[in-house]
Amino acid sequence: MTDQKVSGFSTRQLHVGTSAAPATPRALPIHLTAGFTFDSFEQGVAHFGEGTGYGYTRIGNPTIDAVEAKLADLEGGTRALLVGSGQAAVSTAILALAGAGDHIVSSTHIYEGSRGLFLDLLPRLGISITFVDDIANIDAWRAAITENTKVLFGESISNAANLLFDVSAVAALGRECGIPLVVDNTFATPYLFRPLEHGAALSVHSASKFLSGHGSVIGGVIVDGGTFDASLHAARFAHLVAPSRLGGASFAEKYGADTFTGYAKESVAPRLGPTISPLNAFLIAQGAETLSLRVREHSRQALALARYLADHPAVESVDYVGLAGHPNHALAQELLPRGYGSVFSFTLRGGRDAAAHVVNNVQTFTHMTHLGDVRSLVLHPESTSHAFRTPQEREEVGVHPGTLRVSVGLEEIDDLIADLDRVL
Ligand SMILES: Cc1ncc(COP(=O)(O)O)c(C=O)c1O
């Protein structure tokens, strides 16, 4: 404590009242700090030499670590890396695996931001991409793989057609070829589906969506299944099995089953810097505490709304995997016993004008580009999220001029139906 009698005003305003009494709060403490003090010279040496303790939040922070442990556990993985956005989770995961001269294979049915990363940015870094349209066709995945392929990528439930990704089949192909499967599990959440239990090597999420759940935070997470042994595939993942720059242990030797996230955490995220704020990490953890309650209710509400829409004369089709008519419904019954999620699309007979009328006149639904909020949201993909695809590309993923996407929230279902009933 700085002494008032001997220290000046400026010194006291900086040093007095910056350490709280030790106590054990029941809620997760928010360590909102750029860095941590070293108690001794030796502690600083150990931190930099062996990675013990905490030094700087970009490298490690107790709040962020606690949230990583929670999300790794919920996802059924061994280790997690929390970053500043879902987009950062996807790019960090890919860059942990692939570099210049490499190739990745991805489902066509993915979030536009991931698609933009794969189409526009990764090729500039020397990473090429092949898309698979018919994701249920395992031969199409096999045919896309080359000797330089480092990643297979897909979304467990896709936007906009609500297609289910057969994770087990593509993961098995990946294991056969020594290529990790990365699954974006944002729409399903670990409450409904856990890709790592079906053989995926890594799963990623936009934590901005259901994990945090209240539309107040941006974040992302990578979770390692702890099942992909990079040392068995040394030729494909030389950067993980080669000795360190100074001749020390390789990442595979250091991190064993968690080599991907160990490398991403030590060598990719701290270098590229997509660090999440400890405050946002806390908000994600707080949201995750009610994940099961929210997602169960979201799914129940979405099913009721999808059934209502399927019977409405103004509606041409409803793409919800929970409806018996959806092409993946049988698989969904097997893979998603707890519910089918909150997000789906439906197409109006009246085309773009009818869709514009709906978004301009709904009152309980909010017109915005987001999903996984406790509030119900609506968006017209053709003119917004999918505006940068060609008409043919849009048709292929189920986005038509009259298509609207909804993320069904937790308002009373009667109010949601009444809101749409009034405007349809
Ligand atoms: C499936 C999916 N993955 C990744 C992202 C990117 O996440 P963020 O917006 O948190 O960067 C989104 C965002 O909408 C998404 O829907």
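Contact is taken here to mean heavy atoms within 4.5 Å, and helices (H or I, at least four residues) and strands (E, at least two) are DSSP runs numbered from the N terminus. The structure is a predicted model, in which local features need pLDDT of at least 70 and side-chain atom pairs count only at pLDDT 80 or more, whereas totals for chains, interfaces and linings use all residues. Residues are numbered from 1 along each chain as its sequence is written, and side-chain values use heavy atoms, with hydrogens and water left out.

Within helix α4 (residues 86-97) lies T92, which is buried with a relative accessible area of 2%. Leaving aside residues up to four places away in sequence, T92 touches L81, I222, A264, V268, A269 and P274.

Strand β2 (residues 103-107) is mostly covered, 5 of its 5 residues being buried; H103, V105 and S107 point one way from the strand, while I104 and S106 point the other way. Pairing of strands requires at least two bridges found by DSSP, and β2 is joined to the parallel strand β3 (residues 128-132) by 5 bridges, with S107 standing opposite V132. From β2 the chain crosses through helix α5 (residues 112-121) to β3 in a right-handed β-α-β crossover, that is, with the strands pointing away from the viewer, the path from the first strand over the helix to the second runs clockwise. A parallel pairing over 4 bridges also links β2 to strand β4 (residues 149-155), where V105 stands opposite L152.

Terms used:
Buried < 20%, exposed > 50% of the residue type's maximum accessible area, 1.4 Å probe, protein only.
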